[in-house]
2 protein chains.
Amino acid sequence: MSPQTYTQIVLRERPVGDILPDTFTIESKPFDAKLDPGSEQALVQITYLSLDPAMRGWLRDTRSYMPPVQIGEVMRAGGLGVVVKAGEGSKFSVGDLVSGTLGWTEYAVLPDKKLTKIIPPPGTTALDFLNTLGMPGMTAYFGLHDVGQIKAGETLVVSGAAGAVGSLTCQLGKAVGARVIAIAGSTEKCAWLEQELGVDKAINYKSPTFKEDFKNAVGYLDVFFDNVGGDILDFALTRLKKGARIALCGAISEYNSTKPKGLTSYLTLIAQRAKIQGFIVFDYESEYPRAIAEMAKALANGSIKRKFHIVEGLENAPKALPMLFSGGNTGKLVVKVSDAEHQAKL
Amino acid sequence: MSPQTYTQIVLRERPVGDILPDTFTIESKPFDAKLDPGSEQALVQITYLSLDPAMRGWLRDTRSYMPPVQIGEVMRAGGLGVVVKAGEGSKFSVGDLVSGTLGWTEYAVLPDKKLTKIIPPPGTTALDFLNTLGMPGMTAYFGLHDVGQIKAGETLVVSGAAGAVGSLTCQLGKAVGARVIAIAGSTEKCAWLEQELGVDKAINYKSPTFKEDFKNAVGYLDVFFDNVGGDILDFALTRLKKGARIALCGAISEYNSTKPKGLTSYLTLIAQRAKIQGFIVFDYESEYPRAIAEMAKALANGSIKRKFHIVEGLENAPKALPMLFSGGNTGKLVVKVSDAEHQAKL
């Protein structure tokens, strides 16, 4: 039995700085013929949605790696769902678990090619496909290995270390034998990073002694995996070893600012023959299967740990998204939209 | 016959911003036993000294790729000279033309291993070893090829294009079939770059329409070979193609500033999967012979053109060095110290 209506959340106006209550509008839509899947399409009931820092960038009307979300459009988001109706010739069956760019909505019709069927490997769950086996995991994996070129014995610094990408990067760094220094924004996060994830040292960037703590813990660094940008990146530039690599994954500290802080210490890049390199995880899509297999193994044997911060209810997504920028979450932030997965299994 | 005294110029105090009249002191030294070359050493009479933007960095007391010049020490400089006395077991003979880090002095005793004997290939002169076949040439060559990875058909932008490194980079870019846009600081320099060196377009960064001119001429760029840093680099960051490479060679605009301007547009590095990479030419020393042979051929057949800006007299070196930062020179800036080369040849 289909419901009479369903909820979706659309972009109302582009935020200039912080995401505000006015940024999004919650809409109730009739469950009508628009949700009938066409040829090689499927109707998906969304179960979980991923909240990622990159989403702030999708709200910005600038030249980027994908077009911005338009005003009045459903907010773009990666997620998981269950196929509840398959169109003619669709390769999916009712009950299939899928992932894809589903959006902030309870139901979505998508072409087959935009959906991936998920069969969690032993020792993993569907939710891992929004984290370790999904975009955050792939970002950590390829950013650290391909861009960062991390090697055993090197010193790796990770900013935003208590977030989804950061916490995985720390663990991947330890796995290759690097010395890992994590930067996070609270003593609780630092304790989790040191005690649960096993980083060599976690330092709190909100501490008044942060720069001294950084110098003492790091000395000089070989790889900086940066999720934060701004002041921390600028300071890290003064602590580069010869040949250092900065993998520029994100810049959470800058996403909400109208006037980004400048990097003033970039001249050290010359003296240290170092580089700052940006990357977008989607460029590595053809190599995902290899990385997913490796990460699934590590999840199953317990060598990679994960933590979820689950917010209940689609209507709470607009309030939850800003947590990524205020430091409100530890681990992967997701929104639980429905129990469809559970029902589909019955 | 040796002279009774000789001149050398030492660092008197570190400049905070611009190099000032008080920065250096000219000293007259007795031509005494200190100039007797020891075992495997040679006494060199300097003929020409190179003035390079990197020298501003050597005055700064910070962690860098080589130690700073100390207060009271002869100013470090690359140069050419003639061996006038060879110590016991030296591999050099009187009259040998040599290059090396000689310093702002008329005479210097150096160990053999710090000197390189020069025999200019046909179609080149000794002075080319301070330019196309020396540090500037090697910097252009390895910066453009190894760091910039320039390819035919790509768009190359070169800042500080009328300088020694810049003008060579432009020509190397044309040689591989790139579209080359040069940035310089006067209409005369732009005319020289377009008419003599054959760049596709030269633009004047002092023009009030510079940013529009840049957009119109460049569109988006694949490689930015940057000698200037600061505002131009920051603007170039907004004009990157996917996978763009910024070879950070120098930052003339920043060398004299006490507070460098920040790069505010670095977030584009992420969206465009681009990189900024610093380099130091000395890292490529083992590959110089190959590059020198290639460049010498290009000089001999006229496909690479060079221009020298010769300042007469060692005592004028302190006044000449700041020209590199004020835009006073077009082509390679050198100081002529003596005619020894000519005499040695007689």
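How many salt bridges does the rule find across the interface of chain B and chain A? The rule finds 2 salt bridges there, a salt bridge being a side-chain nitrogen of Lys or Arg within 4 Å of a carboxyl oxygen of Asp or Glu.

Before selecting anything, note that this is a predicted model, in which local features need pLDDT of at least 70 and side-chain atom pairs count only at pLDDT 80 or more, while totals for chains, interfaces and linings use all residues. Residues are numbered from 1 along each chain as its sequence is written, chains are lettered from A and ligands numbered from 1 in the order in which they are written, and side-chain values use heavy atoms, with hydrogens and water left out.

**First stop: the interface**

Display chain A and chain B together. Here 36 residues of chain B are in contact with 36 residues of chain A (contact means heavy atoms within 4.5 Å). The two chains bury about 2,900 Å² between them, 60% of it on carbon and sulfur atoms; buried area is the accessible area, taken with a 1.4 Å probe, that two parts lose on being put together, summed over both.

Now select B:R273 and A:D283. These residues form a salt bridge, with the closest N and O atoms 2.6 Å apart. On the side of chain B that touches chain A, at least two residues each come from α6 (230-236), β12 (240-248), α8 (268-271) and β13 (275-278). Helices (H or I, at least four residues) and strands (E, at least two) are DSSP runs, numbered from the N terminus.

Turn to residues 275-278 of chain A. This strand, β13, is joined by 3 bridges to β13(B), and the two run antiparallel; two strands pair if DSSP finds at least two bridges between them. Within the pairing, A:K275 stands opposite B:Q277.

**Second stop: A:E154**

Select A:E154, in the loop between α2 (135-147) and β8 (155-158) of chain A. Is A:E154 buried or exposed? A:E154 counts as buried because its relative accessibility is 10%, and buried means under 20% relative accessible area, exposed over 50%, and partly exposed in between (1.4 Å probe, protein chains only). Leaving aside neighbours within four places in sequence, A:E154 has contacts that include A:A178, A:D222 and A:R245.

Select B:R245 and B:E154, whose side chains meet in a salt bridge (2.7 Å, N to O). B:R245 lies in strand β12 and B:E154 in the loop between α2 (135-147) and β8 (155-158) of chain B, so the pair ties together parts that are 91 residues apart in sequence. Both residues are buried.

Move on to B:K174 and B:D200, which form a salt bridge with the closest N and O atoms 2.8 Å apart. B:K174 belongs to helix α3 (residues 164-175) and B:D200 to the loop between α4 (187-195) and β10 (201-204) of chain B, so this pair ties together parts 26 residues apart in sequence. B:K174 is partly exposed, at a relative accessible area of 29%, and B:D200 is partly exposed at 40%.

**Last stop: the whole structure**

Finally, display all chains: the structure holds 28 salt bridges over all of them.
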